[in-house]
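Open the model in your viewer and get ready to select residues. This tour goes stop by stop.

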Amino acid sequence: MEVTSEMIDRLAVLAKLKFSEEEKKELNADLERMIEFVEKLKEVDTTGIEPLLHITDAVNVLREDEVKQTITRQEALLNAPLTDGSFIKVPKVIKKETE
């Protein structure tokens with residue numbers, strides 16, 4: 001597979017990125033090395049080898065969920081910089097768009 005400037009431009013559009021000409025040259029070289037590596041991997045004989053789903057045979061050991069009291073609401077609010085008495089107040093981070 002050949003990496004072309006059109007391919008890099010298309011990838012930039014899809015990723016919503018902008019590259020200078022120098023960055024495009026570097027990206028072209030990086031992509032070509034990646035593709036060469038994948039092509040080299042295709043040469044490896046994997047006959048009879050099961051696909052690897054996990055690196056080890058270890059299985060997650062999960063604890064049982066137990067409902068228990070940790071701290072009270074008042075204790076949780078003690079370290080909050082700003083509260084309304086029941087909840088922690090934080091700055092607004094989502095702006096409502098108007099039509």
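Start with the buried residues of helix α2, which pack against α1 (5–15). Contact here means heavy atoms within 4.5 Å. Helices (H or I, at least four residues) are DSSP runs, numbered from the N terminus. The model is predicted, so to speak of local features takes pLDDT of at least 70 and side-chain atom pairs count only at pLDDT 80 or more, while totals for chains, interfaces and linings use all residues. Residues are numbered from 1 along each chain as its sequence is written, and side-chain values use heavy atoms, with hydrogens and water left out.

Which residues of α2 are buried? Select N28, L31 and I35. Buried means under 20% relative accessible area, exposed over 50%, and partly exposed in between (1.4 Å probe, protein chains only). Now look down the axis of α2. Its buried residues fall within an arc of 75°, so they line one face of the helix. The arc is that of the directions from the helix axis to the C-beta atoms.

**The other side**

**End to end**

Next, select the end C-alpha atoms of α2. They are 32 Å apart. At 1.5 Å a residue, the 22 residues should span 32 Å, which agrees. The expected span is 1.5 Å times one less than the number of residues.

How many salt bridges does the structure hold? There are 5. A salt bridge is a side-chain nitrogen of Lys or Arg within 4 Å of a carboxyl oxygen of Asp or Glu.

Select R33 and D30. Their side chains meet in a salt bridge at 2.3 Å, N to O. Both residues lie in α2 (residues 21–42), 3 residues apart, about one turn of the helix. R33 is exposed at 52% relative accessibility. D30 is partly exposed, at 29%.

Move on to E39 and K42. This salt bridge is 3.6 Å, N to O. E39 and K42 are 3 residues apart in α2, and therefore separated by about one helical turn. E39 is partly exposed at 36%, and K42 is exposed at 59%.

**Two more stops**

Select D65 and R63. Their side chains form a salt bridge at 4.0 Å, N to O. D65 is exposed, with a relative accessible area of 73%. R63 is exposed too, at 68%.

Finish with D9, E21 and K24. A network of salt bridges links these residues.

Conventions
Helix = DSSP H or I, 4+ residues; strand = E, 2+ residues; numbered from the N terminus.
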